[in-house]
Amino acid sequence: MSLPRPFRVDVPQAKLDVIRTRLRNSALPPEPDDAGEWNYGIDGAFLNRFIDHWVHAYDWQAAQARLNKWPQYVARIDGLDVHFYHVRGSGRGRALVLTHGWPGSTLEFMEMVEPLAFPDRYGGDPALGFDLVIPSLPGYGFSQAAPRPIGPRRIASLWRKLMTEVLGYERFGAQGGDWGSAVSTFLGADHGDVVAGIHLNMVAAMSRPVSPPSSDEETAYWRALGKVQSRSFGYHQVQTENPQTIGTALSDSPIGYAAWVLEKFNAWSDAPLGLEQRFGLDDLITNLMITLVNDAVATSIWLYRGRATEAAKGGYAGVRVEAPTAVAQFPAEFIPYPPRALAEQTYNITRWTSMPAGGHFAALEEPVALSDDIREFFSQVL
């Protein structure tokens, strides 16, 4: 364990030049004559416009300045250099760890920092501000990858050490979606002595379906989940079984990586007007760049194998989260939410909120609404 050392994003120009050269030299494949509406995956017209903006209009220096707005550090934990933001808010040392997912990054939370840390800047009570800790997952962004894939349960133990041993918090809350949901779940399950509660914007039932299901609602959930897994989990299977194959293919091509990721942003988000209107091209590119400038395309994918290995070795059956749990249910989340009664078999759910808009990338899509729900929940438990 080491003391945190200050960190700033400062990418060498040579690295940026390599990425730009590859973008300029890229060529898109032919499309079927009935392509459109993303029905074959990435939409070629959108990708062409995206590349043009990336090459001719995108400003990495402006993005880098934005990433450096809040204090950042690196700490050595269990042999890994872990990158994290640490923003001390206006409250009384109430701490939250916010965990991103794939294909995301710490960028997801940048628009939530001020509302959560300094609510008085938005007309709220300064006593309700949080100290925010926003780590990059191992192998993502500016965090070092483990020598071999590790899973969310192992990462939860790293986060405990980060919060308690490195930063000195005796008690804290955890929030996340996607992999952040899994890490937060295991923080609540395995580290309830220091975790006051968890807030999830994606939640999966740990229990396997019983025969017959206990309700029509549960039947519909398992049917919907099975449909998603059969139609939309091809990426998940590839990234679990062959992470180095897909990682190698995507690492050497910024356009290939962009196509792989943008398809997910389109399919998993609440974007009826399109990705550009929902996220903005610059944020979509910055999210990609955080991975590309760190050569982290492949290592970020390792987490899928790490999760499978954890499940195979010890199994996740019987996991129980006694820490108070809040669920923010976003209408366009592509992973179906289980019925509350089913979720309660795993989680001690004390708050369940149906959100009016947003999808899988809730922190990017609806930062104010998500921040409000987080604040209201943790004002009761932390």
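Okay, some housekeeping. Since the model is predicted, local features need pLDDT of at least 70 and side-chain atom pairs count only at pLDDT 80 or more, while totals for chains, interfaces and linings use all residues. Residues are numbered from 1 along each chain as its sequence is written, and side-chain values use heavy atoms, with hydrogens and water left out.

Let's start with strand 6, residues 172–176. When I say helix or strand, I mean DSSP runs numbered from the N terminus: H or I over at least four residues for helices, E over at least two for strands. So, is strand 6 enclosed or open? Five of its five residues are buried, so the strand is largely enclosed by the rest of the structure. Buried here is under 20% relative accessible area, exposed is over 50%, and partly exposed is in between, using a 1.4 Å probe and protein chains only.

Now look at the two faces. In a regular strand, side chains alternate between the two faces of the sheet. In strand 6, Phe172, Ala174 and Gly176 point one way, Gly173 and Gln175 point the other way, and all are buried.

Who are the neighbours? Strand 4, residues 95–99, runs parallel to strand 6 and is joined to it by five bridges; to count as a pair, two strands need at least two DSSP bridges. Val97 sits opposite Ala174 there. Strand 7, residues 195–200, also pairs with strand 6 in the parallel sense, again over five bridges, and Gly173 faces Gly197 across that pairing.

For the record, on a 1 Å grid over the protein atoms alone, a cavity is a set of points where a 1.4 Å probe fits but cannot get out; a pocket is an open set with protein on both sides within 12 Å along at least five of seven lines; and lining residues have an atom within 4 Å of a point. Grid points are joined across faces, edges and corners, and a volume is the space filled by probe spheres set on the points.

The largest cavity is about 110 Å³. Of its 18 lining residues, Gly101, Glu108, Gly177, Asn201 and His360 are the closest to its centre. Our strand 6 comes back here: strand 6 and helix 15 (362–365) each supply at least two residues of that lining.

Which residues does UniProt list as "active site"? The unreviewed entry gives Asp178, Tyr304 and His360; UniProt positions are in the numbering used here, feature names are shortened, and annotations may be inferred rather than shown by experiment. From that set, Asp178 and His360 are in the lining of the largest cavity. As for Tyr304, you'll find it in helix 13, buried at 2% relative accessible area.

Helix 13, residues 297–314, also gives the largest share of the lining of the second largest cavity, three residues. That cavity has a volume of about 80 Å³, and its lining includes Pro138, Arg148 and Trp302.

For an open site, take the second largest pocket, with about 340 Å³ of space. It is lined by 16 residues, and Arg231, Ser232, Glu263, Ala267 and Trp268 lie nearest its centre. Helix 10 (254–268) gives the most to that lining, with five residues.

Most residues other than glycine have a negative phi, and most peptide bonds are trans. Here, a cis peptide bond joins Trp102 and Pro103, with omega about 0 degrees, and Pro103 is in the loop between strand 4 and helix 4 (113–117). Asp78 has a positive phi, near 50 degrees; this residue lies in the loop between strand 2 and strand 3 (80–87) and is partly exposed at 36%. Asp295 also has a phi near 50 degrees. Asp295 sits in the loop between helix 12 (281–292) and helix 13, and is exposed at 57%.

That's my tour, thanks.
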